[in-house]
Amino acid sequence: MTFVQNFPFFSIILSMFCAIVSSVLSGKAAKWLHLAMVTTVLFLSLGVLQYTLVTGESYTYMMGHYPAPWGNEIRIGPLEAIMAAAFALLMLLSVLGGLDHIEREVLGSKQNLFYILMDLLMSSLLALIYTNDLFTAYVFIEICTIAACGLIMAKKVGRVYVSAVRYMIMSLVGSGLFLIGLSLLYSITGHLLMSPAKEALENILPQSRYTVPMTVILLLLTIGLGIKSGLYPFHTWIPDAYGYTTPAASAVLSSLVSKGYIFLLIKLMVRVLPYGSLAGQHMTNVLFVFGIIGMIMGSVDAIRENNIRRMTSFSSVAQIGYIYMGLGLGTTAGMAAALFHVISHGAMKALLFVSISGLCETSGGRMDRLGLKGAGFRHKIAGLGFTVGSLSMIGMPLLTGFVSKYMFASAATTAEPVKMIAAWIALAISTTLNAVYFMRTVLVLYTWVPQEQREAKDYRPSGTEDAATLGLALMNLGLGIASPPVIAVLSKGLEIFG
Amino acid sequence: MSRRNPKYPGSFWEHFTQWRRGEYDPSQGKMEIKAPGKKPERGSWLPSALSQEMRDDYELGMKRRIGAFQRVYRVMALLLALTLTVLLLVTVSFLPAFGDVNAPENNEVARRYIEKGLEETGAVNIVAGMILDYRAFDTFGESCVLFIASCCVLILLKVDRDEDPHSQALEDMNDRHYEPNRDTVLQMAARLLVPVIIIFGIYVVLNGHLSPGGGFSGGAIIGSGLILYLTAFGFERTGRFMTEKLIKSLTLCALGFYCIAKSYSFYTGANHLDSFITPGVPGEILSAGLIVYLNICVGIVVACTMYSFYTLFRKGGY
């Protein structure tokens, strides 16, 4: 075993250790520790990515002295490594983008607690990405949920309490369903590790004895993770949760937390369910329908919304719908498109939330469209960031959103004809609706206003925020231009994921 | 010298030109129709101390509750719960019977835990061996769940000087001064019970690898003993030793030790290196490798978390 193979384990333990140490540090020290930790995780993940690409296969790593069906285990391949690297990069840029807001909006004595939550969130995302064990996944889902709840209410002003309670209730329902599904799965397979569970399922599924429990298990696991990631009919917590908290938390919640659950669902679909099982087919059909409804209804809700942050949150509902639609196609190409969109949507949403905070601040804290008139002149970099993010969302070529949509459209051709037509129509409608509400907002930002309204009053420009906005915009551009290598890694990883 | 198109006034292009100059706004008059009119009046019976923002929030909440929606919502919730109950009951009937020898969970995993657990982990209590050795990573995650939960409660409930300049007033308002700390019956009972409870808790933690129990249950017993002591004698007495600093450093040491010790164990395990941790002689108090120390760590974390939850909910501080 080479030293590089330890890196995934190091990155999980490092983030947990930083959280523990931060409990006695000052807010400032905790901040630097967090930034250093995320940067280290980024480089460790890149190292792992390079290693797995060179060897071209995935490996398992024992967490302890006992091999697979007895002890805990993580499993690492190119797909996991690139996800970990992307998540770490997005985390770093989101936190940098909201750094000054955290300092202003979170109380001084509680800033270290905020960074503890961020550290543990990072560790739980890494664990969800790497784990090969169903129960470990559940434990880290719990950590992720509580951390997200804390991040939502960290601002401690106004509606955040309502949003945090709503998020907590919905999310706990999701966790509960997932846990019930997990225990049912254990009682028919006798395994908590994913690969042995799959072998057991392959043996018992041909006998029709367990058809009913298997369907219920699939239902519970999928609905559980669907609620937690904001699949359409279970999305009601999203606008409040993303709309009122501090910008860094909004960016992290929308671009990472829901994606962690989606990645876990993909892992369950590939690694636990036997390929082409009857139940699996039904599940993809259901996901496809919900995904399509989400794509359209999320955009309709966004059009009806006047508050720019809530509008962007509703657009997350639509984008999560895209991802589920890709999974629902039931083909490898659809899954690759969904995985690319996980990264791509992360980059777009983080950029939008970070730049919205700058725009609102120069408009006297107003978030409605009238108040934002001409905000693009007042805060040039945030305006640029929002425009780039919006164009990417709509699917402008050269930006990452275009590549996602292109991949979804071409993946649809690999599915059966009905799904293909439905996916194309939904993509067309959703893109049009996206264009309606994002372009409307961009036009408002650049509406002509008198000269005196073009200067921001009592606003402190923030270097880190601008740098993060530019970084995220570049990430959008980079993913858009240099998508082939990323897609190659994703498809390579997906081949050896199961 | 350009001649104007007779259709130009009022056309789309005129509006566009005007919009570019800033003289015309298509959203003007369309977006302000729903002017906030009656809002403040409807909530006027709310205490005047509430800010306008909180009123608006309340109004928004009320608006959503109003109407038939609420009734439909209740019926739907009931239906959903019933459906889920029936679904799960039906599913259970398809599962292997409880205690069935041929059930899928009686496989090689359980067999090895039962047959080789003692030899490999050194723990007489097989459950302790499972959660703290075979699957120690999960248990570390669970300890972190407690840690993060107490962090969230701290963010939510801890009263800080810099948060609210009137925190002195808040402190006066809390029940600290009104607590029944002159209750003789309670105090006598606590005097008798608390030492026994805490010693029993320590016993359960320390014997976690030998008998039923362990860090989670023992820690909960110790925590409840501390809470009983606090209820009987008040914050003046407990505040002498259970300070914020002590709780923080205990949690830090316990979790930090768990993290470092287990990292060592995971690292040596995964890289197939020799580890100096041995199972020892089964049945002795200092046996079973790391399990006894990890139990102590978990016990400390659980006890501190329980105690700090109680104090935070009661008065927002230690």
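Chain A is divided into domain 1, residues 1-267, and domain 2, residues 276-498. The model is predicted. In chain A, the C-alpha centres of domain 1 and domain 2 lie 22 Å apart. Chain A also touches chain B, with 60 residues of chain A in contact with 54 residues of chain B.

**Between the two domains of chain A**

- Contact between the domains involves 43 residues of domain 1 of chain A and 48 residues of domain 2 of chain A.
- On the domain 1 side, at least two residues each come from helix H3 (78-97), helix H4 (99-105), H9, helix H10 (238-243) and helix H11 (247-272) of chain A.
- H11(A) gives the most to this side, with 11 residues.
- By class, the side of domain 1 of chain A that touches domain 2 of chain A has 24 nonpolar, 16 polar and three charged residues.

**Between chain B and chain A**

- On the side of chain B that touches chain A, two or more residues each come from helix H1 (12-21), helix H3 (52-65), helix H4 (68-94), helix H5 (108-121), helix H7 (136-157) and helix H12 (244-270) of chain B.
- H7(B) gives the most to this side, with 14 residues.
- The side of chain B that touches chain A divides into 26 nonpolar, 13 polar and 15 charged residues.

- H7(A) has 30 residues and spans 42 Å from its first C-alpha to its last, close to the 44 Å expected at 1.5 Å a residue.
- After H7(A) comes Gly190(A), which has a positive phi near 80°.
- The axes of H7(A), residues 160-189, and H9(A), residues 211-229, come within 8 Å and cross at roughly 155°.
- That angle makes H7(A) roughly antiparallel to H9(A).
- H7(A) passes H9(A) in a left-handed crossing.
- Residues of H7(A) in this contact include Met170(A), Val173(A), Leu177(A), Gly181(A), Leu184(A) and Ile188(A), and those of H9(A) include Pro213(A), Ile217(A), Leu220(A), Gly224(A) and Lys228(A).
- By class, the contact of H7(A) with H9(A) has 16 nonpolar, five polar and one charged residues.

**Helices H1 and H5 of chain A**

- H1(A), residues 7-22, and H5(A), residues 111-130, pack at an angle of about 160°, with their axes 8 Å apart.
- H1(A) and H5(A) are therefore roughly antiparallel to each other.
- The crossing in which H1(A) passes H5(A) is left-handed.
- Among the residues making the contact are Pro8(A), Ile12(A), Ser15(A) and Ala19(A) of H1(A), and Asn112(A), Ile116(A), Asp119(A), Ser123(A) and Tyr130(A) of H5(A).
- The contact of H1(A) with H5(A) has 12 nonpolar, five polar and one charged residues.

**Helices H14 and H16 of chain A**

- H14(A), residues 332-362, packs with H16(A), residues 380-394, at an angle of about 145°, and their axes are 8 Å apart.
- H14(A) passes H16(A) in a left-handed crossing.
- On H14(A) the contact includes Met348(A), Leu351(A), Ser355(A) and Leu359(A), and on H16(A) it includes Ala382(A), Phe386(A), Gly389(A) and Met393(A).
- The contact of H14(A) with H16(A) has 10 nonpolar, six polar and no charged residues.

Methods:
Residues numbered from 1 in each chain as written. Chains lettered and ligands numbered in written order. Predicted model: local features only at pLDDT ≥ 70, side-chain atom pairs only at ≥ 80, totals over all residues. Axes fitted to C-alpha atoms, helices over the stretch in contact; angles between N-to-C directions. Helix = DSSP H or I, 4+ residues; strand = E, 2+ residues; numbered from the N terminus. Parallel < 35°, antiparallel > 145°, perpendicular 65-115°, else oblique. Left-handed = near helix turned anticlockwise from the far one by under 90°. Contact = placed C-beta atoms within 7 Å. Nonpolar A, V, L, I, M, F, W, Y, C, P; charged D, E, K, R; others polar. Domains from an automatic or database assignment. Expected span 1.5 Å × (residues − 1).
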